Amino acid sequence: MARTAVEKKFHLLRAYLAGCPVWCAWQVNYRCNFRCLFCRYWADPMGDAPELSVADFEVGSRKLAQLGSLLISLAGGEPLIRPDIVGIVAAVGEWHFPFITTNGWFSTPELAADLMDAGLWGVSVSIDYAVPERHDRRRGMPGAFERALAAVEHFAAARKHKWQRVNWMAVLMDDNLDQIEPMVRMAADRGVYFMVQPYGARKTGTTRFAHPSDGRVSDFLLNLRAKYPNFLSNPYFLSRFDMALDGGVPGCRAGRGFFSIDSTGQIAICVEERSRPVADLFRHSAWQIVQRLRRDRVAAKCRACWYNCRGEVESLYDLWGLAMSLPTLLFDRGRPPVQRPSRML
């Protein structure tokens with residue numbers, strides 16, 4: 001029998017207290033219709049590999065449920081390319097908290113409604129600039145901004161439950177810090193949250209798109225977060241952006257707080273270590289998977305990223321960060337608080 005929302009929260013807490021991972025990045029594919037300059041997933045040979053079926057997601061989700069309920073990010077590639085994405089969300093949503101990260105291109109009002117009906121807990125639509133031409137250029141797809149903005153509006157209108165969340169997700173790069181505040185405002189105008197994460201060089205092997213390590217980014221973002229109630233990124237996460245840009249953040253919890261499953265069922269400590277899998281979702285038991293993840297020691301020395309899937313999860317292991325995450329995790333705050341006019345000045 002599927003878990004209710006309350007039961008999922010209880011089982012998420014159980015996983016957290018037991019020292020099991022609480023976040024899983026599950027790549028549903030490696031195919032993408034975009035040609036983003038700062039990402040090479042669209043060129044990955046894994047895009048030609050057979051992908052898991054809805055039945056596979058049902059089996060895998062049930063197995064992972066033995067650990068507790070997990071926050072599961074269904075990503076790609078571009079997940080909405082898959083015609084069975086609604087079935088995948090439903091399969092994961094039986095036991096866990098399914099999220100989708102999308103470029104928005106394939107969104108329609110009907111698909112957004114179907115995904116919300118299937119139990120989608122949240123969706124992040126990727127938009128990196130408030131200026132359409134700049135977003136389209138970096139994403140390698142004319143019209144990308146217009147379609148992504150429409151997707152934000154589709155999902156915002158399709159919410160069925162108070163816990164369903166829509167995020168405007170931006171990647172901080174070398175040339176878009178000045179775009180953050182306009183994007184936060186645009187997200188607020190549409191009744192959705194805003195989140196940000198820094199570009200990671202492991203996506204392409206180059207630091208060309210990284211923001212300079214000038215020591216001012218964290219304070220800038222924290223000030224914006226204090227100003228705008230819909231700026232959701234955890235302050236613990238934001239407070240370490242300067243460190244991330246200047247040599248990296250130590251103490252990665254990959255394999256312990258979070259892990260990755262690729263589009264064939266291979267498990268690694270994180271999305272950037274998938275060439276070095278430690279377990280197989282279908283051959284190993286749930287507890288064997290946890291043990292194999294814990295034994296991998298590569299993360300202890302890695303400072304290569306400060307992605308959302310790392311920083312937001314690691315926020316949960318800090319008292320301040322945990323306190324700031326509880327409203328959206330436990331109290332069904334799927335919509336941002338109403339902006340007070342005085343804070344807009």
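This is a predicted model: local features need pLDDT of at least 70, side-chain atom pairs count only at pLDDT 80 or more; totals for chains, interfaces and linings use all residues.

Next, show the side chains of L111, A112, L115 and M116, which are the buried residues in question within α4. These residues lie on the same side of α4, because the arc they cover around the axis is only 135 degrees. Then turn to the face of α4 directed away from this buried side, where the exposed residues E110 and D117 are found. Just after α4, select G119, whose phi is positive, at about 105 degrees.

Now proceed to strand β3 (residues 97-102), where 5 of the 6 residues are buried, so that the strand is mostly covered. Which strands pair with β3? One is strand β2 (residues 71-75), which pairs with β3 in the parallel sense over 4 bridges; here L71 may be selected opposite F97 of β3. Another is strand β4 (residues 122-126), also joined to β3 in the parallel sense over 4 bridges. On that side, select T101, which stands opposite S124 in β4.

From β3, the chain passes through helix α4 (residues 109-117) to β4, in a right-handed β-α-β crossover. A right-handed β-α-β unit is likewise made by β2, helix α3 (residues 85-93) and β3.

Terms used:
Residues are numbered from 1 along each chain as its sequence is written. Side-chain values use heavy atoms; hydrogens and water are left out. Buried means under 20% relative accessible area, exposed over 50%, partly exposed in between (1.4 Å probe, protein chains only). Helices (H or I, at least four residues) and strands (E, at least two) are DSSP runs, numbered from the N terminus. Two strands pair if DSSP finds at least two bridges between them. A crossover is right-handed if, with the strands pointing away from the viewer, the path from the first strand over the helix to the second runs clockwise. The arc is that of the directions from the helix axis to the C-beta atoms.
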